[in-house]
Amino acid sequence: MERNIQGGRPIYAQLIEQVTLAIVSGVYAPGERLASVRELAMQAGVNPNTMQRALAQMEEQGLLYTQRTAGRFVTEDVSVIRQARQRLAVQQAEQFLAAMHRLNFSKEEISALLEQVRE
């Protein structure tokens with residue numbers, strides 16, 4: 001899975017977001033085994049230590065778990081995945097609303113715009 005790393009933000013944080021997005025969007029199914037840290041790091045073009053840091057933090061969040069000698073797996077707890085999905089959605093909504101406010105859109109204009117785009 002290719003990663004899109006951009007400047008200006010910590011790489012490990014971007015990796016967390018990208019792997020989380022892959023989980024909540026179904027690219028990685030609940031209970032699925034992830035590739036090794038080295039393989040994931042190579043795919044992303046990052047240092048394995050950076051990938052390890054990202055995956056370790058995702059374990060702390062409950063999205064991943066490790067089975068000794070078997071590797072890392074996506075949680076089978078769908079409520080944890082739903083919560084992560086909700087967090088990502090809120091972040092996206094906050095970024096969108098902040099951009100619209102910088103453009104001086106009113107709430108009504110934002111609603112109208114969303115309705116127009118939806119159609």
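Me: How many salt bridges does the count come to?
Reply: The model is a predicted one. A pair counts when a side-chain nitrogen of Lys or Arg is within 4 Å of a carboxyl oxygen of Asp or Glu. By this rule the count is 3.

Me: Is Arg72, the partner of Glu59 in a salt bridge, buried or exposed?
Reply: The closest N and O atoms of Glu59 and Arg72 are 2.6 Å apart. This pair links distant parts of the chain, with Glu59 in helix α3 and Arg72 in strand β2, 13 residues apart. Glu59 is partly exposed at 27% relative accessibility. The cut-off for buried is under 20%; Arg72 has 13%, so it counts as buried.

Me: Which helix holds both Arg118 and Glu115?
Reply: The side chains of Arg118 and Glu115 form a salt bridge, 3.9 Å from N to O. Arg118 is exposed at 68% relative accessibility, while Glu115 is partly exposed at 36%. The two lie 3 residues apart, about one turn, in helix α5.

Me: Which element gives the most to the lining of the largest pocket?
Reply: The largest pocket holds about 180 Å³ of space. Two elements give two or more residues to its lining, α1 (11-24) and α4 (78-102). With 4 residues, the one that gives the most is α4.

Me: What is the N to O distance in the salt bridge of Glu17 and Arg9?
Reply: Glu17 and Arg9 are among the residues that line the largest pocket. Glu17 is partly exposed at 33%, and Arg9 is partly exposed at 39%. Their side chains meet with an N to O distance of 2.6 Å.

Note on methods
Residues are numbered from 1 along each chain as its sequence is written. This is a predicted model: local features need pLDDT of at least 70, side-chain atom pairs count only at pLDDT 80 or more; totals for chains, interfaces and linings use all residues. Side-chain values use heavy atoms; hydrogens and water are left out. On a 1 Å grid over the protein atoms alone, a cavity is a set of points where a 1.4 Å probe fits but cannot get out, and a pocket is an open set with protein on both sides within 12 Å along at least five of seven lines; lining residues have an atom within 4 Å of a point. Grid points are joined across faces, edges and corners, and a volume is the space filled by probe spheres set on the points. Buried means under 20% relative accessible area, exposed over 50%, partly exposed in between (1.4 Å probe, protein chains only).
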